[in-house]
Amino acid sequence: MLLEDNIFLMEIQLKLYGSSKQLSDSDFLQVQLPENANIENLRSCLNKLVAEKKLNSNLGDLSKTVAFFSDKDEVVSDKYKLKNKEQISVIPPIGGG
């Protein structure tokens with residue numbers, strides 16, 4: 001998909017777990033990010049989604065506290081480059097310490 005200024009978008013499928021399921025009526029959420037986006041960009045996207053939904057819960061810090069897993073069940077860092085049509089799992093902290 002092409003955006004203004006010749007920026008291409010890619011679609012990422014988020015598999016939601018725990019409290020992150022409040023972001024969607026299903027276990028999955030589709031998000032669009034600029035081509036060559038990374039997990040850090042995905043965190044920003046999540047932050048905007050939580051603000052837009054105005055959820056009254058502990059989701060305010062979701063974008064800062066979740067762990068992201070690739071489709072190979074590997075934790076991915078904030079610099080991990082996302083690929084179009086990739087599935088990423090969103091795992092919030094369970095609680096406690």
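This section describes strand pairing, the nonpolar core and ring contacts in a predicted model.

Strand 4, residues 87–91, takes part in two pairings. With strand 1, which spans residues 9–16, strand 4 runs parallel, and four bridges join the two. With strand 3, residues 67–69, the pairing of strand 4 is antiparallel and extends over three bridges. Here A67 is placed opposite I91 of strand 4.

The largest nonpolar core comprises 23 residues, and L14, L42 and F68 have the most contacts inside it. Two or more residues of this core are supplied by each of strand 1, strand 2 (28–34), helix 1 (39–53) and strand 4. Helix 1 provides the largest share, with six residues. When residues up to four places away in sequence are not counted, L42 touches L14, V31, L33, F68, L82 and I88. Among these partners, L14 and F68 are also listed with L42 as the residues having the most contacts inside the core.

Charge placement over rings involves K15, which lies over the face of Y17 at 5.0 Å from the ring centre. K15 also lies over the face of F28, at 4.9 Å from the centre of that ring.

Key: Residues are numbered from 1 along each chain as its sequence is written. This is a predicted model: local features need pLDDT of at least 70, side-chain atom pairs count only at pLDDT 80 or more; totals for chains, interfaces and linings use all residues. Side-chain values use heavy atoms; hydrogens and water are left out. A charge sits over a ring if NZ of Lys or CZ of Arg is within 6 Å of the ring centre and within 35 degrees of the ring normal. Two strands pair if DSSP finds at least two bridges between them. A nonpolar core is a set of buried Ala, Val, Leu, Ile, Met, Phe, Trp, Tyr and Cys residues joined through side-chain atoms within 4.5 Å. Buried means under 20% relative accessible area, exposed over 50%, partly exposed in between (1.4 Å probe, protein chains only). Contact means heavy atoms within 4.5 Å.
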